[in-house]
Amino acid sequence: MAKKKTILDLQQMKANGEQAAWMVIYDSCLASFAEEVGMDMILVGDSMGMIIYGYDGTVPVTMDMSIAHCQGVRRGAPNTYLIGDMPFGSYHASCEDAVNNAVRFIKEGGVDAIKLEGGVAIADKIRAIANAGIVVFGHIGLTPQSSAAMGGFKVQGKNTATAKAVIDDAVAVYKAGARTLLLEGVPEETASFIHKILPIPVYGIGAGADCDGQVILAADALGMYKNFTPKFAKKYCNLGEVATQGMRDYISEVKAGTFPAPEHKYKFTGDKDEFAAFLAEYEKNLDL
Ligand code: KIV
């Protein structure tokens with residue numbers, strides 16, 4: 001079994017030019033597969049709001065929901081670097097809230113780091129969490145928790161003025177003490193500049209290839225979510241198709257009486273004559 005990574009390994013991978021591959025996963029079952037195949041990291045993303053809970057966005061996700069999913073993922077992948085995603089409202093009001101909730105992720109969720117969305121505007125919260133000794137992953141660009149303020153899920157930094165805002169955010173997040181940065185929904189030109197100027201690992205999701213690694217939602221990569229697939233996501237397989245076919249086959253077999261078959265049944269190992277006599281007697285005295 002590979003040694004569990006630390007933030008120093010992530011920094012070393014960047015120095016070696018080795019790309020990090022991480023995935024957004026919310027449950028123990030998929031997490032165990034990810035660990036088996038050597039996924040570098042798992043993010044327990046607040047996208048669970050849409051994928052697991054069926055909301056329109058990430059905003060309704062709570063600390064308790066996030067912590068419970070982190071615990072499940074940790075049980076499934078005890079040896080994989082795990083990042084907890086701080087939900088909307090868990091770090092916005094004060095630095096005290098931010099630190100207390102980040103501490104909950106570490107102590108209760110069993111994660112190795114936390115991620116939070118925002119740049120200049122939340123730099124004080126990043127600094128406070130980092131000062132508490134917690135590894136912070138920054139997340140800027142298209143930040144789903146603020147999609148209402150952005151007027152929807154919109155790519156950021158597509159022209160010089162908006163690219164400047166994204167770059168300012170990146171610099172603020174780094175200076176506040178984040179140990180890595182995730183860029184979401186940013187043109188490759190903008191992402192590439194941020195990757196060039198920052199000494200910490202810079203990862204991308206919809207930010208092009210000039211990064212230190214990529215993250216993708218398992219739901220997108222494995223074809224499990226049919227409501228919406230972003231342009232940047234690649235479907236590596238279609239679990240939705242496999243699952244619906246499996247369900248159709250199951251329904252047909254149950255209705256046809258071909259499931260369960262002999263190999264799915266338990267055997268009675270007691271004395272059959274004794275059992276038959278017992279059943280006959282039981283039925284005779286039955287009063288329903
Ligand atoms: O919650 C999530 O899935 C995320 C990814 C978009 C990185 O934050």
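How far does a polar side-chain atom of Lys115 lie from an oxygen atom of the ligand? In this model the separation is 3.0 Å, which counts as a polar contact, meaning a pair of N or O atoms within 3.5 Å. Before I go on, please keep in mind that this is a predicted model, where local features need pLDDT of at least 70 and side-chain atom pairs count only at pLDDT 80 or more, while totals for chains, interfaces and linings use all residues. Residues are numbered from 1 along each chain as its sequence is written, and side-chain values use heavy atoms, with hydrogens and water left out.

Staying with the ligand, one of its oxygen atoms is 2.9 Å from an N or O atom in the side chain of Asp46, and for the side chain of Asp85 the corresponding distance is 3.1 Å. Taken alone the ligand exposes 260 Å², of which the protein buries 96%, with areas from the Shrake-Rupley method and a 1.4 Å probe. The residues around the ligand, those with a heavy atom within 4 Å of it, include Val24, Leu43, His139 and Glu184.

Leaving aside neighbours within four places in sequence, Phe137 is in contact (heavy atoms within 4.5 Å) with residues including Trp22, Ile114 and Lys115.

Finally, the domain assignment gives domain 1 (7-242) and domain 2 (250-284), whose C-alpha centres lie 51 Å apart.

Technical notes
Polar contact = N/O pair within 3.5 Å; in protein donor to acceptor, adjacent residues only side chain to side chain. Domains from an automatic or database assignment.
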